[in-house]
Amino acid sequence: MSTLGTAIERVEDAALLMGRGRYIDDMPVAPGTGHAAILRSPHPHARLLSIDTEAALALPGVHAVVTGEDARAWSTPFIVSVRQPMEHWCIAIDRVRYAGEPVAIVVAEDRYRAEDALALIDVRYEPLDAVVDPEATLGADAPVLHEKVGSNLVSERSFRYGEPEAAFEAAAHTVTTTVRYPRNSCTPIECLGLIAAYDPGEDAYDVLSHFQGPLTLHPVMARALKVPGPRFRLRSVPDSGGSFGIKQAVFPLIVAMALAARKAARPVKWIEDRLEHLLAATSATNRMTRIEAAVEADGRIASLRLDQLEDCGAYLRAPEPATLYRNHGNLTGPYCIPHLAVNNRVVVTNKTPTGLNRGFGGPQLYYALERLMQRVAVTLGLDPLDVIKRNLVPADAMPYRAAAGAVLDAGDFPATLDHGAREGALDALRVRRDAARAEGRLYGIGFAAAVESSVSNMGYITTVLSAEERRKAGPKDGAVSHATVAVDPLGAVTVTADSIPQGQGHRTVLAQVVGDALGLAPAQVTVALEHDTQRDPWSIAAGNYSSRFSGAVAGAAHLAAVRVRERLARIASQQLNARPEDVRFEQGRIFAAGNPGNDLDFRRVASLVHWSPGSLPDGVPPALRETARWTPPQLTPPDDDDRINNSAAYSFIFDFCGVEVDRATGAVAIDRYVTTHDTGRRLNPALVDGQIRGAFAHAVGAAFYEELAYSEDGSFLSGTLADYLVPTACEVPDPQILHRDIPTPATPLGAKGVGEGNCMTTPVCLANAAADALGVESLDLPLTPARIGDLIHGPESTPPRP
Amino acid sequence: MKRLDRESRHRVALTLNGREANGWAEPRMLLSDFLRHELGATGTHVGCEHGVCGACTVRLDGAPVRACLTLAVQADGRRVDTVEGLASNGELNDLQKAFRRHHALQCGFCTAGILMSLDAWLESNPAPDEGEVRALLSGHLCRCTGYTGIVAAALDAAEARRREDGP
């Protein structure tokens, strides 16, 4: 009996529950390995005048101190995705541009001593003016971060699809809103870490880490280290303590610590602490969006106009500005909006560089788009749900080519929405709201709909370049995944793949997928996902991001397992005297359809390829190891009109919720939350719901609590988990989860991505409910009691200073 | 009271999960670092080193403590229980099994601390309701699960224990 599609227990869990996980800080190290600590800039913007390391080096137990001079000698700046002379070194040279930027690294015999030595390094800075606001950074008097670039505006592109001007001219109404999405981060409970080694004999680096990919960054790192790819070996650990995109950000530190290992002439281990993590690891982009709709009288939207101002922090760190372009093709969301105008600006400010973070551009986009949908309803006096429904892409239009190029692959959005509203008892919630309001309470209902893009097109980021620049650079497209299925001499099955999991349970799902194809129980399939760039197949698309696992990686594993099955079927067909296509695989037995009594042991047939290649049928090669490579053919490069299909599959989400606002305190409480998903085929429903709940919890944090906050002068304000508030079990209610699965033809197993959607829908759904409760036009995240209190009672006056 | 020299390493002997264990620690060494890097008990995880996330929670003479806010030398001569002590002979205990059944973990990094808190708390609170479980769990941060599975597993394990103990 196949377990694919059922909620089996995870193979990962026993070891993790026994405390036998193997995370980066648990991994064995070579004798003599040094432990690193990083000296970070206290200034958001300053000239580096001098660094005196003598006293630190004199401390017993200190092996080496690494500074920007070493980076200059042995590395190059990281390559930047836009054509700009921006220099981002792994350790600051001449200048620091954000509070927390690495200035020096101490390698010592243990971490305690390394931190002691940090205090002995004497750095002289000349502080410069800092700028943290994305609008202010464009001002004439703003300090310019990168003198060679000459401006804090590092990329600007305008796009036009259809006839947006005519649509706005003809529209009955124009509705506009402006939103400011804050900086936040999914902050995994395990911070960053790695172990780096250098071999001077071959001029080669070897790094073990929980870097999650994408491996587009492997050539970026190898190039920064000035070695060819094969001499930068990057291996992943068996277990990672969560990532949500964040562990992409270990890559600059991988380069820095590789240099430290070179200088200290010994392996170097570095484990980030929480204070460093919050201060300087990474962040989602903060984005200011002005969004405008040309609306017909019935609420139908003919055109959108977006002005997006994206703040990537002090450096455009690869793959940025990908956050801004990840959803470019589906900027119109789940809606049928034929005309679109977009202006994208990317700026730098004196803040930590940004990077991958669950939802990756989706939270920023949908906060604007779905706030606008709510504003359209309020402005026109329509029901917000009707406005959503009237604009959804109809089922008979699938696959639907959106204005900016996304090909929405499958689904029935209106029916899924109706399913959610009905099964989630929206009518009862409306009654509840009316009753609360009749008592004078502040109660509101919010809605949000979205398409959740998954399996990213490796070419979408090139939409930031002009068609001319793209022609010069060469085409970029596709999303290659790899998986290998091998059968050993006793018929035991092993699977490897390029997913680099971060706790999601990929081993369990791949055991289900391959067991399904070969007629084996998941327990008979061993899955090993530690990845090694020197030995495992991989492409630039490898890694754990863009919810690529269920569509791309599980799909490739299925294809590899089917190839193994086909080979075994040919061998078995000879012994069973049946045609290969009639051979069946079930419960570890192989037999001909219609004759299950005459069966063969899977292990016996499989072992033949090892022990007796001579007895195989003609044309069946010996040994049994199949690697499947898959890339979605629909992922082509951006066309000359800048249309881009940025993802292989688009899940559909429809959320609604009821919230109550406490008039006295400004606290917003979630009364009810319903989230409805079409994620294509669900490979393991428990893991799917786990992803939805996890994303929902992150979104509750983003909506109410979390902000990586800076003061105007660039000082960082949320450096501990007592300042950067993460929701606990008391703040995260259990959402009602509904499904309406429509398998997609876009991936081998019909599955779409599921890990990020609620980070896109939930913050804005909650904000729409709060806006409905308060009757306010604009509100920005996080919805803290102070901010809501200001909306209810007006801003607090500043207390007089004594 | 024993006086400790700041510059020296001191012998710290304790009972770890029922067995004698000992190692060396400077007075400033955290219990979390001592357990992990001196005794090799890496099941206890470090998530923040300032007492908020709860990942490093262990039991010291039975009481749950943050190992990152405890010095190794404070544990000298005392009993320390960690996640490695919950299973016996490779078999998960009832709480661990409930966690597996309810998908109460994903990355597993916060799990050790949560198990140790619940292990201690359920001894004195055998019949908790959901609100009480959530209040107890508020001393722990989990970024993967949204807590639903953890709450369900704790309630399930508590109920099973009550049934086992009988009326």
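Between chain A and chain B, 6 salt bridges are counted, a salt bridge being a side-chain nitrogen of Lys or Arg within 4 Å of a carboxyl oxygen of Asp or Glu. One of them joins Arg36(B) to Asp26(A), with the closest N and O atoms 2.7 Å apart. The model is predicted, with local features requiring pLDDT of at least 70 and side-chain atom pairs pLDDT 80 or more, whereas totals for chains, interfaces and linings use all residues. Residues are numbered from 1 along each chain as its sequence is written, chains are lettered from A in the order in which they are written, and side-chain values use heavy atoms, without hydrogens and water.

The interface brings 53 residues of chain A into contact with 47 residues of chain B, contact meaning heavy atoms within 4.5 Å. The area buried between the two chains is about 4,000 Å², and carbon and sulfur atoms give 58% of this value; buried area is the accessible area (1.4 Å probe) that two parts lose on being put together, summed over both. In chain A, the greatest losses of area to chain B fall on Leu17(A), Tyr112(A) and Ile189(A), which together account for 21% of what that side buries.

The side of chain A that touches chain B comprises 24 nonpolar, 14 polar and 15 charged residues. In this division, Ala, Val, Leu, Ile, Met, Phe, Trp, Tyr, Cys and Pro count as nonpolar, Asp, Glu, Lys and Arg as charged, and the others, Gly among them, as polar.
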